[in-house]
Amino acid sequence: MDFKFSEKEEKLRKEIREFAKEELPPGWLSSMLEEESDDENWAFAMSMSKKLAEKGWLTMSWPEEYGGKGGSLWEQLVYSEEASYWGIPGVTMGIGGVDWVGPSLMMFGTAEQKNKYLPLIASGEPDGIWCTAYSEPNAGSDFAKIRTRAVREGDEYVINGQKIWTSAAHRARWCWIAVKTDPDAAKPHNGISVFVVDMKSKGITVRPLMNYVGLHIFNEVFFDDLRVPAANLVGKENNGWYQLMHSLGYERGSIAGRCYGYNKRILDELIVYTRGNGLFREREIRHKLADIAVELETQKVLGYETIWKMSKGDSPVYEPSRDKVFNDHILERLAMLGTEILGGYSQIDPLSRNCKWTKLNGHMEKLFWLFLGFAFAAGTDEVELNIVGQFGLKLPKSY
Amino acid sequence: MDFDFSEDQVMIIDSARKFLEKECPKDKVRELKEDEKGYDPELWSRMAEMGWMGLILPEEYEGTGMDFFDLTILMEEMGRNILPAPFFDTVALCSLPILEYGTSEQKKRFLPKIACGEEIWTLALTEPSAGYEPSGVELRATSLQEDYVLEGTKLFVPYANVADRLLVVARTSQEGITVLIVDAGSQGIKTEVIPTTAHDKQCEVVFDKVRVPKDNVLGEVDKGWEIVEFLLQRVSVLKCAEMLGGAQFVLEMANSYAKERVQFDKPIGSFQAIQHKLAEVFINVEGLRRLVYEAAWNISTGSPSRLLTSMVKAKANEVYQQTCIQGVKVHGAIGFTEELDLSLYFLRTKASEFMLGDTGFHRERIAVELEDYQPLFMSV
């Protein structure tokens, strides 16, 4: 048993803190999901991606041959924790670029695909930005029932259909898409394939979907006779489901640390704020803060356990779902408490930049109005609990 | 960072689990619930033969010199099997403070007896007036020549009915609290078992002009609260480990039941209402496990954290209780009966929660730490 980070990991932590102090404006904190929404945030995020790439941190755990730093999962964790605590934007290269597109290509891509896309992601340039298109209007949690079709015609596939909740589609240079290649497969899972789509191709329409506070995070994406070279098929035809499941492990390596870092920062902000205005002296408030502090510590060590299992070469099955559910509970509590602490000020529009009454740079309002988005993203809590029950407790399938 | 157990630790866990399942099955637990002593002296000596009482005491005191983490995982097994014995009281609440604060003479005199299972000890701290705040200590120790004279009442003293000695936390001056080693057979001590729901032998101990030699002061006169803080900041993690073991077992019971119990032609565990309930409990038990290990490891390696220990106790209190409540719900009406083993665990949760600080107490301690702490982003 050893709960200590190595010297190398601690040194990295210090370097990232120095970087954050130098590169970010005073008091900076970016909210997740926010960066792709407006042009100014996006430009800043891209400028940071570039700098992170120069440091080699952007693709921390990727092997060096693909433009990564060859860092360990623990270094990746340290980087994720610190990057989110300080709110360094631009760490993901759109949706999935760093977290799963790159790692999936390493596992299943052709040499050509690897040589083309991996350096682009690792460079931190806008040409390395991805969006991920899985969900469809009629296939959310029941993802295997997607209907967007890809039909082979000579050296091409022709794609028709619609995706929804496609975050960052309006910023992405590439789309990582799951489609049906065999609608008649006995099990719907066996008819899915993954493709790389150039977002500049003819036949793609991106329509913004605004969330209820007016942030432009996700989109609907329509595909009308989109022609994709057959060389853009990733892995084997009809093997998409298994590829996605397999690559999920990589995505998961960064998520636990990222969530903890962000939550810790929000808690720290609330502690400082309530100490400043005297609310901390109210027993009810300080006890709620104390309770959340306990949950954050728990979240931290649970995430470490997931990374530890991965670092031993185990492929975590239910642990990332467990961590996701736990994080959603924490976000909800933080959002409720944060806005309770702000009181009347929590009514101010988080997008208004110049309101003199905005408290804590609008972070609590942003969290409050965004936390439900996280609860749906990458699997609803209910779906995650199914996974925890089925694989963690070995209970019968419940759906 | 590495969460693997060492070979020795795996051995502790395996041997403890086998031993307890064999030597202390649930009908024995039930039997001891109605027993006057509340523990089985024969089982107690076999535990001593296993080396458990002296697990972390140095060899010079007949111990085996293992570390705090090793004791933590042993406690987890005891909680899992709900061992009814004054182990936590003797070893955790008493031998550890003696090892930390005792004079070399006290250590030589008392620790080998504990290690060999010859003596049962307990802590007399809480009173009718309070739980774990120093202001609640009203039992007076008045100096009289070579002795102190104790006058007052201690409440919820575990296993005082069978203890050979007690550590008594007494007021020696207006601001001063002193811990005294008291022979349980001293004249003027009257012990009565309190009828707790769990029948777990918690006692009222009345001290009527009890004389204690001044040599029996543990630590320094008037500075005894330090020893209580030692218990609150470190030893409470061992109680949390015991609670973790209990919660884990209750979860396993409920989980097996959900797989076996068929309604509407299906195992009830296949219904999301049941499955999600269990999944949430599971998540919390797993979280508690890592927290307990983190705190125990910190203590083992010499960097205990007041904040972390309070976090662990607050979490353990909540998780153990919730696990039992949800466990009963999954079982339905059978969960409400005496017959189900779950009840043995559930009934003990109140004692565990109260021991070394309830949730509100630790929440406040966490808040006190947060009030002074310097958040990282402020360091810029």
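Two residues count as in contact here if their C-beta atoms, placed from the backbone, lie within 7 Å. Keep that in mind as you look through these views of a predicted model.

**View 1. Chain A and chain B in contact.** Let's start where the two chains touch. Chain A brings 40 residues to the contact, and chain B brings 41 residues. On the side of chain B that touches chain A, look for α7 (225-260), α8 (272-300), α9 (306-331) and α11 (359-372), the elements that each give two or more residues. The most comes from α8(B), with 15 residues. Sorted by class, this side of chain B holds 25 nonpolar residues, along with eight polar and eight charged ones.

**View 2. Strand β4 of chain A, covered on both faces.** Now zoom in on β4(A), which spans residues 174-180. Seven of its seven residues are buried, so the strand is largely enclosed by the rest of the structure. You can check this face by face: W174(A), W176(A), A178(A) and K180(A) are buried on one side, while C175(A), I177(A) and V179(A) are buried on the other.

**View 3. The partners of β4(A).** Which way do β1(A) and β4(A) run relative to each other, parallel or antiparallel? Strand β1 of chain A (residues 130-133) runs parallel to β4(A), and four bridges join them. With β5 of chain A (residues 192-198), β4(A) runs antiparallel, joined by seven bridges. I177(A) is a handy landmark here: A133(A) stands opposite I177(A), and I177(A) also stands opposite F195(A) in β5(A).

Terms used. Residues are numbered from 1 along each chain as its sequence is written. Chains are lettered from A and ligands numbered from 1 in the order in which they are written. This is a predicted model: local features need pLDDT of at least 70, side-chain atom pairs count only at pLDDT 80 or more; totals for chains, interfaces and linings use all residues. Ala, Val, Leu, Ile, Met, Phe, Trp, Tyr, Cys and Pro count as nonpolar, Asp, Glu, Lys and Arg as charged, and the others, Gly among them, as polar. A residue is buried if 20 or more other C-beta atoms lie within 10 Å of its own, exposed if 12 or fewer, and partly exposed in between; C-beta atoms are placed from the backbone. Two strands pair if DSSP finds at least two bridges between them.
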